[in-house]
Amino acid sequence: MARRIIIGIVCTLALLVLARRLTTGRPVDIDVEEGGYRISHRTVTEQIGPGQPMLAVRVVPGERCIARVELDTTYVKESPRRPLFRKDANTFTSWLPDLGKGKRLGYAIRVWPGDTASVRLPGDPKEFFVLKFKGQASKPVIVAHVAFMFGAFFAMFMAFLGALRILRGLEGKKSTVSA
């Protein structure tokens with residue numbers, strides 16, 4: 001019985017850690033080399049709390065470059081194109097609109113490096129990076145969420161391990177349920 005509880009706890013922790021690691025809400029570093037220019041951007045995946053998220057793109061060398069951000073019109077009804085402003089010799093930045101908690105915003109970055117054709121991040125004209133606007137969660141809500149998730153997965157693993165013992169004929173239904 002103690003072994004089954006320990007296995008249940010270990011499996012529950014492993015599953016919760018794995019689920020946390022596989023979340024898609026992590027920023028991705030994008031690097032593109034085009035015509036002697038290197039274009040770098042770290043995607044902005046979430047804005048927690050009120051405020052406008054800021055985009056940044058780095059172009060090396062960036063002296064003769066122009067950049068803008070293109071917004072997905074399914075998410076926002078205002079002007080879909082906004083300029084990226086030069087922060088320093090190689091960095092361009094822009095503020096995105098604040099859509100409020102629970103909304104999403106698709107964005108792409110287009111850069112004209114020197115005399116070459118424009119480069120779009122992401123490359124496919126139908127794709128956009130997605131930014132999610134999230135609200136602040138209080139500490140008690142987060143603690144309760146983690147505790148209930150752990151309890152639910154632990155109960156699921158314990159039921160699974162008990163079902164395996166019944167199917168193998170190692171225990172009867174009554175002894176498994178009472179354990």
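Student: How far apart are the mean positions of the positive and negative charges of the chain?

Tutor: First, the counting rule. Lys and Arg count as positive and Asp and Glu as negative, while His and the chain ends are not counted. A charge is placed at NZ of Lys, CZ of Arg, CG of Asp or CD of Glu. Here there are 28 positive and 15 negative charges, and their mean positions are 13 Å apart.

Student: What kind of model is this?

Tutor: It is a predicted model: local features need pLDDT of at least 70, side-chain atom pairs count only at pLDDT 80 or more, and totals for chains, interfaces and linings use all residues. Residues are numbered from 1 along each chain as its sequence is written, and side-chain values use heavy atoms, leaving out hydrogens and water.

Student: Which secondary structure does the chain have?

Tutor: Helices (H or I, at least four residues) and strands (E, at least two) are DSSP runs, numbered from the N terminus. This chain has three helices and eleven strands. Their order is α-β-β-β-β-β-β-β-β-β-β-β-α-α.

Student: What radius of gyration does the chain have?

Tutor: The radius is taken over C-alpha atoms, and the globule rule is 2.2 Å times the number of residues to the power 0.38. For 179 residues, a compact globule would come near 16 Å, but this chain has 25 Å. The C-alpha trace spans about 75 × 35 × 25 Å along its principal axes.

Student: Why does the span of α2 agree with expectation?

Tutor: The expected span is 1.5 Å times one less than the number of residues. With 30 residues, α2 should span 44 Å, and its end C-alpha atoms are 44 Å apart, so the two agree. After α2 comes G169, with a positive phi near 80°.

Student: Is T93 buried or exposed?

Tutor: Buried means under 20% relative accessible area, exposed over 50%, and partly exposed in between (1.4 Å probe, protein chains only). T93 has 13% relative accessibility, so it counts as buried. T93 sits in strand β8 (residues 91-95). In the chain, buried residues make up 30% of the 179 residues. Those of α2 are F157, M158, L161 and G162.

Student: And R165, where is it found?

Tutor: R165 lies in α2 (residues 139-168). It is partly exposed, at a relative accessible area of 30%.

Student: Which residues does R165 touch, not counting residues up to four places away in sequence?

Tutor: Contact means heavy atoms within 4.5 Å. On that count, R165 touches R4, L170 and E171. With neighbours within four places likewise left aside, T93 contacts M54, L55, A56, L84, F85 and K87.
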